[in-house]
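Keep the sequence and the 3D view side by side.

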Amino acid sequence: MDSGFYSAFTGLAARMQSLDLVANNLANVNTAGYKSQKEFYRAFTSSLNNEWLTPVNKAINDYGLVGGARMDLTAGSMQPTGNDTDMAIDGSAFFSVKTKSGVRYTRNGNFSLNTQRQLIDPQGNLLLGEDGPIQIPTGKMTVSTDGTISVDGALVAKLKIVNFAPGTTLTPEGNTDFTAPAAAEKPASDSNVRQGVLESSNSDPISSAVALIDLQRSAEMMQRALSIFNTDFNQTAVQELPKV
């Protein structure tokens, strides 16, 4: 395959992957607890397993591919709601929820009560305390900074707030849930729970919109380059080869 055509094609593919990430960030600017993702690039030559390349080959194949995405785990701003079941974590810890696929971790504290008066997340997953799902009796619910839940002054449960060692790989699942390696969680000691507050998304709508426009323009340029390689260059080859 023509190296120029291949370079333009991979460049277009990289921009399309980046567009998906930026579009998702932009779509979740109002999602509580959402953590934005940012793409990173790697050189195509880095995937050649240290194969020997001539200087010409190095120059031809020295272009970028999307290497993956990194999560931005910085905290979003705290927005008071006045809702007793809304909670936010001041610190780096996560809430634990029980899903059909197992325990997941989230910063989205937009909780509510189901018909059994159990605390659930927006997807209906059960919020976990240290002793399992949390059921709230009728009365005034109060959540202390250490995650202790009381109703009319009587202790009900304590939230299961967990943290992870630096470098632990957290994998996004949906918009606000994460999975972690087995046995990676540990009790949080540097975080406080705030009741009646939600953590907003850390996705910046302005920078995301600018990035979206820039990527769209770059993708259009790559499409034009592909069109040139696919039509003009091929046409030239068809016209000139019979003369050789």
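A residue counts as buried when its relative accessible area is under 20%. The model is predicted. Take Phe95 as a test case: its relative accessible area is 0%, so Phe95 is buried. Phe111 has 2%, and is therefore buried. These two rings form a pair. Their centres are 5.1 Å apart and their planes stand at 90°, so the pair is edge-to-face. Phe95 belongs to strand S5, whereas Phe111 sits in the loop between S6 and strand S7 (112-113). The pair therefore ties together parts that are 16 residues apart in sequence.

Now follow S5 onward. A hairpin of two residues leads from S5 to S6. The two strands pair in the antiparallel sense over five bridges, and S6 covers residues 102-106. Within this pairing, Ser96 stands opposite Tyr105 in S6. S6 also pairs with S16: two bridges join them, and they run antiparallel. Here Thr106 stands opposite Asp177 in S16.

Strand S16 spans residues 177-179 and holds Thr179. Is Thr179 buried or exposed? Its relative accessible area is 19%, and the limit for buried is under 20%, so Thr179 counts as buried. Thr179 and Arg104 are 75 residues apart in sequence, yet their C-alpha atoms are 5.5 Å apart in space. Beyond its neighbours within four places in sequence, Thr179 is in contact with Arg104, Thr169, Leu170, Thr171 and Glu173.

Next comes another sheet. Which order do its strands take? The order is S11-S12-S13, in an open sheet of three strands with antiparallel pairing. S11 and strand S13 (154-158) stand at the edges with a single partner strand each, so one side of each has no neighbour in the sheet. On average, neighbouring strands of this sheet are turned by 25° against each other, direction ignored. S12 and S13 are joined by four bridges and run antiparallel. Among the partners across them are Ser150 and, in S13, Leu155.

Turn to the side chains. The largest nonpolar core has 18 residues, and Met87, Leu119, Leu127 and Leu159 touch the most other members. Strands S4 (87-90), S5 (94-99), S11 (141-143) and S12 (148-151) are the elements that give two or more residues to this core. Apart from it lies another core of seven residues, among them Val162, Phe164, Leu170 and Phe178. What does Met87 touch, not counting residues up to four places away in sequence? The list includes Phe95, Phe111, Leu119, Leu127, Met141, Val143 and Leu159. Further along the chain, Met87 also touches residues including Val193, Arg194, Val197 and Leu198.

Finally, the rings. A pair of aromatic rings is described by the distance of the centres and the angle of the planes. There are four aromatic pairs in the model. In one of them, Phe94 and Phe164 have ring centres 5.8 Å apart and planes at 65°, so the pair is edge-to-face. This pair links distant parts of the chain: Phe94 is in strand S5 and Phe164 in strand S14 (residues 161-164), 70 residues apart. Phe94 has a relative accessible area of 5% and is therefore buried. Phe164, at 10%, also counts as buried. Ring pairs link Phe94, Tyr105, Phe164 and Phe178 into a cluster. Phe164 and Phe178 are also members of the core of seven residues.

Conventions. Residues are numbered from 1 along each chain as its sequence is written. This is a predicted model: local features need pLDDT of at least 70, side-chain atom pairs count only at pLDDT 80 or more; totals for chains, interfaces and linings use all residues. Side-chain values use heavy atoms; hydrogens and water are left out. A nonpolar core is a set of buried Ala, Val, Leu, Ile, Met, Phe, Trp, Tyr and Cys residues joined through side-chain atoms within 4.5 Å. Buried means under 20% relative accessible area, exposed over 50%, partly exposed in between (1.4 Å probe, protein chains only). Contact means heavy atoms within 4.5 Å. Two strands pair if DSSP finds at least two bridges between them. Axes are lines fitted to C-alpha atoms, for helices over the stretch in contact, and angles run from 0 to 180 degrees between N-to-C directions. Rings of Phe, Tyr and Trp (its six-membered ring) pair if their centres lie within 6.5 Å; planes under 30 degrees apart count as stacked, over 60 as edge-to-face and the rest as tilted.
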